[in-house]
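Colleague: I have the sequence and the coordinates open. Can we go through a few parts of it together?

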2 protein chains.
Amino acid sequence: MPHDIRVVTETELRELVKLDLDLVNVVEQAFVALGRGDVIMPPIMSMELPQLNAEVDAKTAFIPGFDGFALKVSTGFFDNPKRGLPSLGGLMTLLSATDGAVRAVFLDNGFLTDMRTAAAGAVAARHLAPETVTTAGVIGTGLQARLQMRAAHLVRPFERVLVWGRDLEKATLCAADLGRDIGVEAEVCTDPAVLMKRAQLVVTTTPSFTPIVQAGWLHPELHITAMGSDAPDKCELAPEALARADLYVADSAAQVETRGELRTALERGVWPGTPVTELGPLILGAQPGRNSARDTTIADLTGTGAQDTAIATHVFARLGDAGTLIST
Amino acid sequence: MPHDIRVVTETELRELVKLDLDLVNVVEQAFVALGRGDVIMPPIMSMELPQLNAEVDAKTAFIPGFDGFALKVSTGFFDNPKRGLPSLGGLMTLLSATDGAVRAVFLDNGFLTDMRTAAAGAVAARHLAPETVTTAGVIGTGLQARLQMRAAHLVRPFERVLVWGRDLEKATLCAADLGRDIGVEAEVCTDPAVLMKRAQLVVTTTPSFTPIVQAGWLHPELHITAMGSDAPDKCELAPEALARADLYVADSAAQVETRGELRTALERGVWPGTPVTELGPLILGAQPGRNSARDTTIADLTGTGAQDTAIATHVFARLGDAGTLIST
């Protein structure tokens, strides 16, 4: 059956998709649907290619009420930088939720993933961070460090951002960018413990394999979002921190067991085994959230197919004439 | 990093890809690689959408030595025919095996899957059917019935084809098509037992949920390829037939346990539990195949991501100027 398919490049997508409250709200809808339990989301398909130092993941999710659903391919070819190429890539396909037909192909090279990941950080901050955040902090100095702080500022308009990274030069650059882009005071911290102490909202954005944030650094009136760990063996928080917090929340309980911060905590036997609170039910009020301003909370985000479906549908609705129309 | 991506429609692909020995040989290479054990092929990602009477599958596989690897999305929206739309659809993405970049998007609506599935039937027939096949038979009257017989004729140039289907009119049409397209005698059989008795090579191509081929119909000098069952609950052969044959061969031992004919046999306890021979090692001579002309053999094909990678790479190599070039 002939139909038209829109093929949209990364450059075109960057014109269309901005990190704003609209996007945060769309991604929040994905979590709400997950919370209702009516999302169909199979486990991530993951292909490790050790001989290439590479990994390929596919994610999908069907959200009732959304016109379409995404199937996303993410690539990580970690030797690419040696050849002057970016490590991460991939594309999203949007299929019709009515008849399964391909509606659009977003050749985004991971851009939409970056955006929906940042938006999820804002959703976590909106529902978990103390009402008043004057100082935010970010661990890591890459693209997500920038995006996560911009997204967090949409829901918690902090006055000051602190940046820590292993590389002082990169941290300095990141702080300069954040100060300019968000229009807040920006400082580099040379000690992550100091950053933690001063902030009410911290986002960890590193691909670390060993904990950076120590359990002893937790303090009242703090929310931490750990979004760097998205694969087995990655870990940003000391595993003891999870149980020590007043509340530990996952984007997907099933995923954090194998890909998130919980994996290490379970392995070390430092998680009491209580069922993990999920962000969706928490937003819906079906599971308890922050009790008081003084609580310490942690959100563990591994990235869900539901977020991909949310952003892909959002983008499709605002495509206008963008992209190349392919008639099949 | 800007690069060019080729987007190719079904119409363009149909011009490029023919069911010939070249294609059979390419798909055979995929099985050889599977047989060598060096293919990386994660389990199929499957999303059931019962409220829509639909299913979405994703498959991928990395074959060392191939320039690219495919990630395929297959859709089955089984209420589509009520709206005048085909049930099956989907697309294939070809990614570079060097840097993971998207090289091509094949908007094939399942056409390449049809072709690689037929080619796999020919690979099975080449390595398992008796050397001399004068009469071939096909159970089912759809597209794969036609393609499987055309593919089988490439490797076993039979003189006569028998067709059985539940619907006599469709069977008559299918036989007429086959007679004309292959240039052989074509007959409709009203009794599948008679078809089985007269043929040395039978391919079952139905989406049946109950066995059509009974174990008592097996006879010497026969090869059966069952390619219809590709999902849990489907079943074309009586489960007792598997152990009764001299040899039962799977495209993927892991897949036939959950999606192929073996599933029912295991469930009913009529499979002796011996390790399942796979087509790849058999082609390589690492596992025994047919011992004599009088053997009865069965091949169970569920469809592998390795076949998708094989056909996608094959198509990409012969693209020429076909398709739309998208510069990212």
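Predicted model: local features only at pLDDT ≥ 70, side-chain atom pairs only at ≥ 80, totals over all residues.

Colleague: What should the span of helix α3 of chain B be, and what do the end C-alpha atoms give?

Modeller: Helix α3 of chain B covers residues 111-128, and at 1.5 Å a residue its 18 residues should span 26 Å. The end C-alpha atoms are 26 Å apart, which agrees.

Colleague: And α2 of chain B, what about its span?

Modeller: Helix α2 of chain B, residues 21-36, has 16 residues and should span 22 Å at 1.5 Å a residue. Its end C-alpha atoms are 22 Å apart, so that agrees too.

Colleague: Change of topic. Where is B:A322, and what does it touch?

Modeller: B:A322 sits in the loop between α11 and β15 (324-327) of chain B. Leaving aside residues up to four places away in sequence, B:A322 touches B:V8, B:E12 and B:L16. The C-alpha atoms of B:A322 and B:L13 are separated by 8.4 Å, although the two residues are 309 residues apart along the chain.

Colleague: Why is B:A322 classed as partly exposed?

Modeller: Because 15 other C-beta atoms lie within 10 Å of B:A322.

Colleague: How many bridges join β12 to β14 in chain A?

Modeller: There are 4 bridges between strand β12 (residues 247-250) and strand β14 (residues 296-300) of chain A, which run parallel. A:Y248 has A:I298 as its bridge partner in β14(A), and A:A250 has A:D300. On to β13: β12(A) and strand β13 of chain A pair in the parallel sense over 2 bridges, with A:V249 opposite A:T277.

Colleague: Now the dimer contact. How many residues of each chain are in contact?

Modeller: 37 residues of chain A are in contact with 37 residues of chain B. By class, the side of chain A that touches chain B has 24 nonpolar, 10 polar and 3 charged residues.

Colleague: How can chain A be laid on chain B?

Modeller: By a turn of 180° and a shift of 0.0 Å along the axis, with an RMSD of 0.0 Å. That is the relation of a two-fold axis. The same surface serves both copies, as 100% of the contact residues of chain A recur in chain B. A:M45 is the residue of chain A that comes closest to the rotation axis, at 2.9 Å (C-alpha).

Colleague: Last one. What are the confidence scores?

Modeller: Chain A averages a pLDDT of 95, and 99% of the residues score at least 70. The model scores ipTM 0.89 and pTM 0.91.

Methods:
Residues numbered from 1 in each chain as written. Chains lettered and ligands numbered in written order. Contact = placed C-beta atoms within 7 Å. Nonpolar A, V, L, I, M, F, W, Y, C, P; charged D, E, K, R; others polar. Least-squares fit on C-alpha atoms with pLDDT ≥ 70 in both. Expected span 1.5 Å × (residues − 1). pLDDT = per-residue confidence, 0-100. Pairing = 2+ DSSP bridges. Buried ≥ 20, exposed ≤ 12 C-beta atoms within 10 Å, placed from the backbone.
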